[in-house]
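Hi,

Here is the structure I promised to pass on.

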Amino acid sequence: MATLPASKSASKVALTSEVEDEGIKEHTFQEIEKLQDLGINAADINKLKGSGYCTILSLIQTTKKELCNVKGISEAKVDKILEVASKIENCSSFITANELVQKRSKVLKITTGSTVFDQTLGGGIESMCITELFGENRCGKTQVCHTLAVTAQLPKSLNGGNGKVCYIDTEGTFRPEKVCKIAERYGLDGEAVLDNILYARAFTHEHLYQLLAISAAKMCEEPFALLVVDSIISLFRVDFSGRGML
């Protein structure tokens with residue numbers, strides 16, 4: 001992979017668990033507790049959180065049928081919850097393309113560590129979206145994930161995400177010592193970088209769902225720049241042997 005210019009790679013960057021004030025201002029998640037301000041019962045909110053719904057947007061992105069499966073939440077309650085959630089997120093009306101441009105201005109491009117790769121991607125891996133890496137075995141997918149776990153913590157001035165990283169490992173391929181070596185390249189303290197990575201090993205696709213729900217709750221509490229699932233398909237390939245089981 002191509003290296004950063006010497007002026008950048010040689011500079012020391014201090015990592016802390018705190019983020020810049022600018023990063024806090026740009027935090028756009030609406031916590032699910034806001035439902036209570038518009039008449040939703042606190043007990044129902046806790047039931048939703050217990051099922052992994054921690055933000056207003058997570059409710060809007062879920063079908064009515066799925067929300068009705070939450071224990072103790074009736075169809076009538078789901079209708080009311082979705083009505084209130086839509087008001088909070090203001091998703092029942094159109095916005096102008098210029099307003100969308102302003103929203104898109106908050107999207108970050110996180111460097112992959114390779115100048116050529118970044119140029120191919122238009123500047124790096126985009127925040128606030130899903131990026132899938134695919135390719136043949138041993139082509140470097142996990143290496144890119146390890147590198148992003150470091151670069152996502154860099155300041156925005158160095159094409160980083162200025163946040164923590166959540167790393168869900170489904171194949172047992174995460175190597176902390178490799179992360180430390182990558183951190184050295186950027187003049188970072190390896191232990192500080194590892195402290196900012198929240199790691200979990202998933203063993204089944206159901207376990208993966210549980211970890212994703214937990215990570216969603218964590219991301220509402222602390223500033224995260226990146227979520228890595230390596231790999232997303234392996235557990236489904238094991239748990240569902242054949243198209244007929246899907």
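**The sheet and its helix**

This is a predicted model, and I'll start with its open sheet of 3 strands, which pair in parallel in the order β4-β3-β5. The two edge positions go to β4 (197-201) and β5 (224-230); each has a single partner strand, so one side of each has no neighbour in the sheet. From one strand to the next, the twist averages 10°.

If you want to trace the pairing yourself, go to β3 (residues 164-169), which runs parallel to β4 and is joined to it by 5 bridges. Ile168 is a handy place to look, as its bridge partner in β4 is Ala200. Packed on the sheet you'll find helix α12 (residues 205-221), which touches β3, β4 and β5. The direction of α12 makes about 175° with that of β5.

While you're on α12, click on Glu206, which is found in that helix. Is Glu206 buried or exposed? It counts as exposed, because its relative accessibility is 52% and the cut-off for exposed is over 50%. Glu206 and Asp239 are 33 residues apart along the chain, and their C-alpha atoms are separated by 9.4 Å.

**Helix α3**

Next, take α3 (residues 42-50), where Asp44, Ile45 and Leu48 are buried. These three cover an arc of only 100° around the axis, so they sit on the same side of α3. The general rule behind this is that an α-helix has 3.6 residues a turn, so residues three or four places apart point the same way. On the face of α3 turned away from the buried side, you'll see the exposed residues Asn46 and Gly50. The cover over the buried residues of α3 includes α4 (56-60), α5 (64-68) and α6 (75-89).

Both ends of this helix have something to show. At the start of α3, a side-chain oxygen of Asn41 comes to within 2.6 Å of the backbone nitrogen of Ala43. Just after α3, Gly52 has a positive phi of about 100°.

**The nonpolar cores**

The largest nonpolar core has 23 residues, and the ones touching the most other members are Val150, Tyr167, Leu188, Val193 and Ile197. At least two residues of this core come from each of α9 (141-151), β3, α10 (176-185) and β5. The biggest share is from α9, with 5 residues. Another core, of 17 residues, lies apart from this one and has Leu59, Val70, Val78 and Val84 among its members.

Cheers

Conventions
Residues are numbered from 1 along each chain as its sequence is written. This is a predicted model: local features need pLDDT of at least 70, side-chain atom pairs count only at pLDDT 80 or more; totals for chains, interfaces and linings use all residues. Side-chain values use heavy atoms; hydrogens and water are left out. Two strands pair if DSSP finds at least two bridges between them. Helices (H or I, at least four residues) and strands (E, at least two) are DSSP runs, numbered from the N terminus. Axes are lines fitted to C-alpha atoms, for helices over the stretch in contact, and angles run from 0 to 180 degrees between N-to-C directions. Contact means heavy atoms within 4.5 Å. Buried means under 20% relative accessible area, exposed over 50%, partly exposed in between (1.4 Å probe, protein chains only). The arc is that of the directions from the helix axis to the C-beta atoms. A polar contact is a pair of N or O atoms within 3.5 Å; within protein, one must be able to donate a hydrogen and the other to accept it, and residues adjacent in sequence count only if both atoms are side-chain atoms. A nonpolar core is a set of buried Ala, Val, Leu, Ile, Met, Phe, Trp, Tyr and Cys residues joined through side-chain atoms within 4.5 Å.
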